[in-house]
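Biologist: Hi! Could you walk me through how the helices pack here, and then how the chains meet?

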Amino acid sequence: MNTVAAIFKKEFASYFISPIAYVFIVVFLVGTNFMYFQPFFLINQADMRNYFGLLPWVFLFFVPAITMRGWAEERKSKTIELLLTWPVSDAQVVLGKFFAALAFLAVTVALSVTVPVTLFIIGNPDPGPIIGGYAGALLMGAAYLAIGLWVSSHTENQIVAFILAWVAMFVLMIIGHPVVTMKTPSALVPLFSFLGLFTHFESIGRGVIDTRDVIYYLSIAGVFLFLNAQSLGGRKSE
Amino acid sequence: MSEKTGRLMLEVRGLNKRFGQVRAVSDLSFEVRRGEVFGFLGPNGAGKSTTMRIITCFIPPTSGTVLVDGLSTADKDLAVRRKIGYLPESTPLYSDMTVKEYFAFVGQIKGLKGAALKSRTDEMFSVCALTKMADRQIGKLSKGYRQRVGLAQAMIHDPDLLILDEPMSGLDPNQIIEIRNLIKKFGEEKTVIYCSHILSEVSATCDRILIIKDGRVVVTGTPGDLTSGHRGGSRYTARIKGDVASVYRSLRSVAGVSHIDTEVVAPEGWVCARINAEGKEDIGEGIFKCIADNGLSLSELRRDQTSLEEVFTELTGGGK
């Protein structure tokens, strides 16, 4: 556990060493706030459903940007050769990196606290859906991050890692979207909409935390973290 | 010493590693005794780094076994890694961390905590002369300091076996001497495997040397064994005053001489003779006496050492 903590600390700190992190945070906050508040007074509703509705799309760009460095940089600078010959298991390294990325995402999302604060000042929103929405955003983020890190472990090029992660997330996202399910054979529709990252977020965004959705996100994260550890082991058969 | 050498620190048996069609390592077997500084030599691409990566559990072998202090890399992989300190070829370090942060991180990963972590870090800083650089970013250090950081991270958990892959590459002569002394100091108590293609380096530091080529063992022995045991007998060079024929004739009469090359050299009347002996015994006295008895003058007589470079070039077919 101590080793996971050490890796977590180092990775988390490394996000803030480069100015890119701050740029991302600012872009994220300005972007989401702008998109949310622009129609806000027209809709005239003090809830955050529209804010959370934006997150799957924003995460689609934001999360690959967080995870692209993950393994690609270690591979490129060859530090992976030291890291993986130190007395740590592959799983420990994977978890350390994953939790650091999740913590960075959590910090960023937490900085949007100005939105609910504003709502409480000017209106009287229901806190349930807001708390549920934040919890759901983190769960969804965890699933996205695990995918992004897994993708990053296959390349030493960060740009490639970004684009492939984007593609992987996009496919998994729209697979349950009506655009796709309309055209798929009806037998497959339940499967597709079950696999879609998007479908599960809708109910959470309404403030309904269904265990099925929680289990879904956690299993997606679990599966890709497992694959990530496997792909590190994959160096072994290269 | 006998207790130290009693157990093997590293045992490699029938090691094979294939990358697709390429055989990087073929049926490699060797052992390293406890307390030895072991030189692992070979031309570029001979399979040195691959072998080191297998020993350090970075990649598994296609077949064969590696035992580190009796533990197999196949099933005791974490325990093996705890025993090893490794400096890979290109000294990969996290360049955005400061030296101090880096050692806090590496120490923790290697299981050091609290007071132990602090005292080991301080010790490494003073041994490797890094104290002044503690707050510098690693990416901004000179090559020599980066190398020391790499060496210090390998040694911080006091490993039984230190593996260094080309630790001198890119260093200036002063830095080389410093790092060599560090390695020697460490090698007094612990086992060191030192990979290199710089032979003078290895012969100055190592107790025993293994030369590989194309993933196979070519020769193994002490630096002395390799240089003297090579190409039969000892060799001498002499500068003698006289004409070629008489020099040749008198040298032929020396017992144990197998071959003589003569060459007229300046100033006029002097001959340089290269004498090969049949055996390894010293025939210098015989040569001197023979020349004196024949009334010739001698200005120089020396026994030539076969350099490790020559052995290396011949064994690995480098010059061809």
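**Helix packing and the chain contact**

Modeller: Happy to! In chain B, the axes of α4(B) and helix α5 (residues 114-127) come within 10 Å and cross at roughly 130°. Axes are lines fitted to C-alpha atoms, for helices over the stretch in contact, and angles run from 0 to 180 degrees between N-to-C directions. Helices are DSSP runs (H or I, at least four residues), numbered from the N terminus. This is a predicted model: local features need pLDDT of at least 70, side-chain atom pairs count only at pLDDT 80 or more, and totals for chains, interfaces and linings use all residues. Residues are numbered from 1 along each chain as written, chains are lettered from A and ligands numbered from 1 in written order, and side-chain values use heavy atoms, without hydrogens and water.

Biologist: How are α4(B) and α5(B) oriented to each other, then?

Modeller: They are oblique, since angles under 35 degrees count as roughly parallel, over 145 as roughly antiparallel, 65 to 115 as roughly perpendicular and the rest as oblique. The crossing of α4(B) with α5(B) is right-handed, meaning that the near helix is turned clockwise from the far one by less than a right angle, with anticlockwise being left-handed.

Biologist: Which residues of α4(B) and α5(B) make the contact?

Modeller: V99(B), K100(B), F103(B), A104(B), G107(B) and Q108(B) of α4(B) meet L117(B), T121(B) and F125(B) of α5(B); contact means heavy atoms within 4.5 Å.

Biologist: Switching to chain A, at what angle do α4(A) and α10(A) cross?

Modeller: Roughly 150°, for α4 (residues 49-67) and α10 (residues 158-174) of chain A, with axes that come within 8 Å. That makes α4(A) roughly antiparallel to α10(A), and this crossing is right-handed.

Biologist: What classes of residue are in the contact of α4(A) with α10(A)?

Modeller: There are 13 nonpolar residues, no polar and no charged. Nonpolar covers Ala, Val, Leu, Ile, Met, Phe, Trp, Tyr, Cys and Pro, charged covers Asp, Glu, Lys and Arg, and the others, Gly among them, are polar.

Biologist: Now the two chains. How does α1(A) pack on α4(B)?

Modeller: Helix α1 (residues 2-17) of chain A and helix α4 (residues 99-109) of chain B pack at about 160°, axes 8 Å apart. So α1(A) is roughly antiparallel to α4(B), in a left-handed crossing.

Biologist: How much area do chain A and chain B bury between them?

Modeller: About 2600 Å², 63% of it on carbon and sulfur atoms; that is the accessible area (1.4 Å probe) lost on being put together, summed over both. E81(A), W86(A) and P87(A) lose the most on the chain A side, together 26% of what that side buries.

Biologist: And which residue of chain B forms a salt bridge with E81(A)?

Modeller: R53(B), with the closest N and O atoms 3.0 Å apart. A salt bridge needs a side-chain nitrogen of Lys or Arg within 4 Å of a carboxyl oxygen of Asp or Glu.

Technical notes. Helix = DSSP H or I, 4+ residues; strand = E, 2+ residues; numbered from the N terminus. Buried area = accessible area lost by both parts, 1.4 Å probe.
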